[in-house]
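Subject: Structure handover

Hello,

Here is the structure you were to receive. My notes come after it.

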Amino acid sequence: METGIKIFDTTLRDGEQTPGVCLGAREKLEIAQVLAKLRVDIIEAGFPSASPGDFAAVSEIAAQVKGVSIAALARANTQDIDAAKEALRKAENPCIHTFIATSDIHLEYKLKLTREQVLAQAEAAVRYAKKFISDVEFSAEDASRSDWDYLCKIYTAAITAGATVINIPDTVGYSTPSEFGALIRYICDNVPNIDKAIVSAHCHNDLGMAVANSLAAVQNGARQVECTINGIGERAGNTSLEELVMALATRKEYYRATTRIDTRQIYRTSRQVSTLSGIAVPPNKAVVGDNAFAHESGIHQHGVLNNPLTYEIMNPEMVGSRNAIVLGKHSGRHAFEERIQQLGYDLPEEKINVLFKEFKELADRKKVVYDRDIEALVADRQQMTDECYRLLYHQVVSGNQMVATASVRLETDSGMMEEASCGDGPVDALFKAIEKTVGFSVCLKDYQLKAVTSGEDALGEATVWLGHDDKIFIGRGISTDVIEASARAYVNAMNKMIGVCGYLK
Ligand code: KIV
Ligand code: ZN
């Protein structure tokens with residue numbers, strides 16, 4: 001018999017704590033919608049008391065994303081729980097996730113409370129949350145470095161107070177698989193009312209063992225795993241959803257555990273999170289990296305051609321990763337729309353019309369159009385904020401014996417503006433010209449350029465990180481011309497910044 005494992009996705013909460021990641025409400029909503037399509041059981045949408053922006057994002061997701069449970073994080077106090085319950089007001093299946101640290105090191109240096117005080121606070125928090133919402137998860141932060149018997153006491157009290165899920169975090173990624181498995185087993189065997197709650201595991205990846213620890217937890221009684229797409233999160237990140245899910249699916253006879261995840265949505269979800277968060281997926285990343293299914297050596301290629309089972313334990317179709325030639329410049333609107341649907345997008349007519357026009361322009365410039373090109377076009381369109389500035393024109397002159405110069409023309413609702421600038425290379429000149437045109441200075445934190453697919457006519461994707469007021473705004477641009485992709489990315493990041501900070505000339 002197989003055991004059902006719930007997938008609690010915390011990309012929007014713990015994942016958003018990745019250094020340099022700052023997702024806006026609109027981007028969070030988009031990610032939540034893809035997560036629902038991926039069929040995760042619970043989406044942890046954020047930490048409402050952390051900031052008004054977080055509160056608004058959780059409320060929006062609660063109101064719009066249905067068919068999945070929406071959780072909100074709260075420290076074990078009434079103010080945080082009030083904010084969480086308020087943000088979750090419109091959720092179909094709300095869940096309050098309340099937590100307090102339990103390790104002696106956290107009690108002494110962070111909370112300055114005794115074990116008895118922490119236990120009382122945890123119990124009171126669960127009881128308070130339970131007044132409003134029936135699904136309450138309780139986490140003992142730093143559980144893996146806490147005293148096991150004390151943990152049993154606090155979990156027993158939390159369940160008595162009404163917790164429906166007890167979460168066991170390896171907050172600092174310190175545990176090892178056999179040790180973490182033993183901890184889960186100990187809690188299952190020594191918490192007398194454990195049958196009234198689901199045991200959940202939440203692992204961090206500081207020693208690269210988050211997925212292994214989570215699998216050990218499943219083998220020892222955990223029925224929920226908390227994870228993030230691409231394993232993003234604080235420091236070295238969290239348990240990677242795609243790795244955990246594919247380990248359970250590929251080694252089904254071994255783990256005898258299943259999830260509800262639609263694995264064919266994994267690749268698309270991974271790319272969407274990477275695009276919106278600005279955190280690139282390493283090429284060798286298991287399951288979703290560009291090289292995850294690439295066979296380089298001749299011996300391997302020969303074996304795979306004879307029978308894929310020789311070197312492939314999963315195939316790319318299982319995770320929805322493909323790179324097929326799909327359409328060309330003679331393809332019609334009907335074929336394009338059908339392909340968009342096959343790729344899993346559900347877009348309104350007007351959006352398809354705009355995308356079709358962009359596709360035709362791309363097909364004119366590029367010999368073959370791959371699924372990934374289409375995905376890049378869709379992602380590019382989806383991430384466009386209400387555009388304050390639109391790029392109309394750019395020109396760059398550069399060479400190794402001259403100073404690079406660039407001129408740009410931007411359009412706003414109140415007219416056109418144009419400026420030129422010199423720079424240290426073509427991209428620098430271009431960015432300076434845009435900055436001059438807009439009339440305020442921003443801090444360029446990072447810039448990246450990569451090809452969406454291979455080949456000399458590949459679509460280039462530029463990503464720009466602009467910093468302002470402790471916030472980072474990520475802009476993306478695609479084009480077969482990398483200078484144009486860079487200009488679009490810069491203007492896109494500026495538009496996002498203006499959307500939040502309201503900066504206008
Ligand atoms: O890592 C951790 O301990 C957490 C808790 C809030 C569950 O993220
Ligand atoms: Zn965490």
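The model is predicted, and every value below was computed from it.

Domains. The protein is divided into domain 1 (3-277), domain 2 (322-382) and domain 3 (390-501). Where domain 1 meets domain 2, 6 residues of domain 1 and 8 residues of domain 2 are in contact. The C-alpha centres of these two domains are 37 Å apart. Between them, domain 1 and domain 2 bury about 660 Å², and 38% of that area is on carbon and sulfur atoms.

Helix H3. This helix covers residues 78-87, and its buried residues are Asp80, Ile81, Ala83, Ala84 and Ala87. These residues lie on the same side of H3, because they cover an arc of only 160 degrees around the axis.

- Asp142 has a positive phi of about 65 degrees. Asp142 sits in the loop that runs between strand E6 (136-141) and helix H6 (148-161). With a relative accessibility of 0%, Asp142 counts as buried, because the cut-off for buried is under 20%.
- Val287 has a positive phi of about 70 degrees. The loop that holds Val287 is the one between helix H11 (266-277) and helix H12 (298-306). Val287 is buried as well, at a relative accessible area of 6%.

Cysteines. How many disulfides does a search of the whole structure find? The search finds 0. Cys152 is in no disulfide, and the nearest cysteine sulfur to that of Cys152 belongs to Cys188, 9.5 Å away. A disulfide would need the two sulfur atoms to be within 2.5 Å. Is Cys152 buried or exposed? Cys152 counts as buried, because its relative accessibility is 5%. Cys422, by contrast, is partly exposed, with a relative accessible area of 45%.

Regards

Terms used
Residues numbered from 1 in each chain as written. Chains lettered and ligands numbered in written order. Predicted model: local features only at pLDDT ≥ 70, side-chain atom pairs only at ≥ 80, totals over all residues. Heavy atoms only, no water. Buried < 20%, exposed > 50% of the residue type's maximum accessible area, 1.4 Å probe, protein only. Helix = DSSP H or I, 4+ residues; strand = E, 2+ residues; numbered from the N terminus. Arc of directions from axis to C-beta. Domains from an automatic or database assignment. Contact = heavy atoms within 4.5 Å. Buried area = accessible area lost by both parts, 1.4 Å probe.
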